[in-house]
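Subject: Structure handover

Hello,

Here is the structure I promised to pass on. Please open it next to this email and read the two together.

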Amino acid sequence: MATVLSVSGSPSASSRTGKLLRHLDTRLVAQGHRVIPLDVRTIPAEALLGADFRHPAIVRATELFERADGVVIGTPVYKAAYSGVLKALLDLLPQYALTGKTVLPLATGGTTAHVLAIDYALRPVLSSMGAAHIVQGWFTLDKDITAHDDGTIGVAPAAIENLTHVLDQFSTALGRTPLLAAAG
């Protein structure tokens, strides 16, 4: 059983990105993984924007990254890039905070014009942080995610099929990571 840190980089409490991640977390749990959710928006702004490395919330986030075998990072796309709150957190983590980790980048946005944000904005940062394996990410259109009044979400059939596929690839990669590390 792997420990997965599921990071929502959305600044909004009603974010489709965050709700989608929590929905996907249930599949990872069903596959036998331990999932720890982290909503970056809950970290105090003064810690993030003031670069307070010693703030208890930053120390805790750093510890969560250290303990995780894998990390799912979800972000809304704004102006062709991942969110500012996610950037602020990533900047405060140690340079090689993702060393030895399997990472799944996910993004949501209003138009397919932003689909390349995963590969051209987020993936290079994750790679520079030492990720052992960054699996194929996925971009989901906002219109394919419907939030219901009871807090649940609906995801368009084609979108959920693709998300399930990349999530299963991530889960499989998590299973292989310890074997690869042991062999090296």
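This is a predicted model: local features need pLDDT of at least 70, side-chain atom pairs count only at pLDDT 80 or more; totals for chains, interfaces and linings use all residues.

Start with S3, residues 70–78. Eight of its nine residues are buried, so S3 is largely enclosed by the rest of the structure. S3 pairs with several strands. With S1 (residues 3–8), S3 runs parallel, and five bridges connect them. Ser8 faces Gly74 of S3 there. With S5, S3 is again parallel, over seven bridges. Look for Val71, which sits opposite Val103 in S5. S4 (residues 81–82) runs antiparallel to S3, and two bridges hold the pairing. Val77 has Tyr82 of S4 as its bridge partner.

Now S1. Six of its six residues are buried, so S1 too is largely enclosed by the rest of the structure. In a regular strand, side chains alternate between the two faces of the sheet. In S1, Thr3, Leu5 and Val7 point one way. Val4, Ser6 and Ser8 point the other way, and both sets are buried. S1 also pairs with S2 (residues 34–39), in parallel, through six bridges. In that pairing, Val4 stands opposite Val35 of S2.

Lys79 is in the loop between S3 and S4. Lys79 is not a glycine, yet its phi is positive, about 50°. The hairpin of S3 and S4 has two residues between the strands. Is Lys79 buried or exposed? Its relative accessibility is 81%, over the 50% cut-off, so Lys79 counts as exposed.

Ala51 is in the loop between helix H2 (45–49) and helix H3 (56–67). Ala51 also has a positive phi of about 50° without being a glycine. At 38% relative accessibility, Ala51 lies between the 20% and 50% cut-offs, so this residue counts as partly exposed.

**Helix H1**

H1 covers residues 16–30. With 15 residues at 1.5 Å each, H1 should span 21 Å. The C-alpha atoms at its ends are 22 Å apart, which agrees.

Which residues of H1 are buried? They are Thr17, Gly18, Leu20, Leu21, Leu24, Asp25 and Leu28. Viewed down the helix axis, these buried residues fall within an arc of 155°, so they line one face of H1. Thr26 and Ala30, on the other side of H1, are exposed.

**The cavity**

How many cavities of 30 Å³ or more does the structure hold? It holds one. The largest cavity has a volume of about 30 Å³. Its lining is made of Thr17, Leu20, Leu21, Gly74, Thr75, Leu106, Ala107 and Thr108. Helix H1, strand S3 and strand S5 (102–109) are the elements that each give two or more residues to this lining. By type, the lining has four nonpolar residues, four polar residues and no charged ones.

Some of these names have come up already. Thr17, Leu20 and Leu21 are among the buried residues of H1, and they line the cavity. Gly74, also in the lining, is the residue of S3 that stands opposite Ser8.

Best regards

How values were computed: Residues are numbered from 1 along each chain as its sequence is written. Side-chain values use heavy atoms; hydrogens and water are left out. On a 1 Å grid over the protein atoms alone, a cavity is a set of points where a 1.4 Å probe fits but cannot get out, and a pocket is an open set with protein on both sides within 12 Å along at least five of seven lines; lining residues have an atom within 4 Å of a point. Grid points are joined across faces, edges and corners, and a volume is the space filled by probe spheres set on the points. Helices (H or I, at least four residues) and strands (E, at least two) are DSSP runs, numbered from the N terminus. Ala, Val, Leu, Ile, Met, Phe, Trp, Tyr, Cys and Pro count as nonpolar, Asp, Glu, Lys and Arg as charged, and the others, Gly among them, as polar. Buried means under 20% relative accessible area, exposed over 50%, partly exposed in between (1.4 Å probe, protein chains only). Two strands pair if DSSP finds at least two bridges between them. The expected span of a helix is 1.5 Å times one less than its number of residues. The arc is that of the directions from the helix axis to the C-beta atoms.
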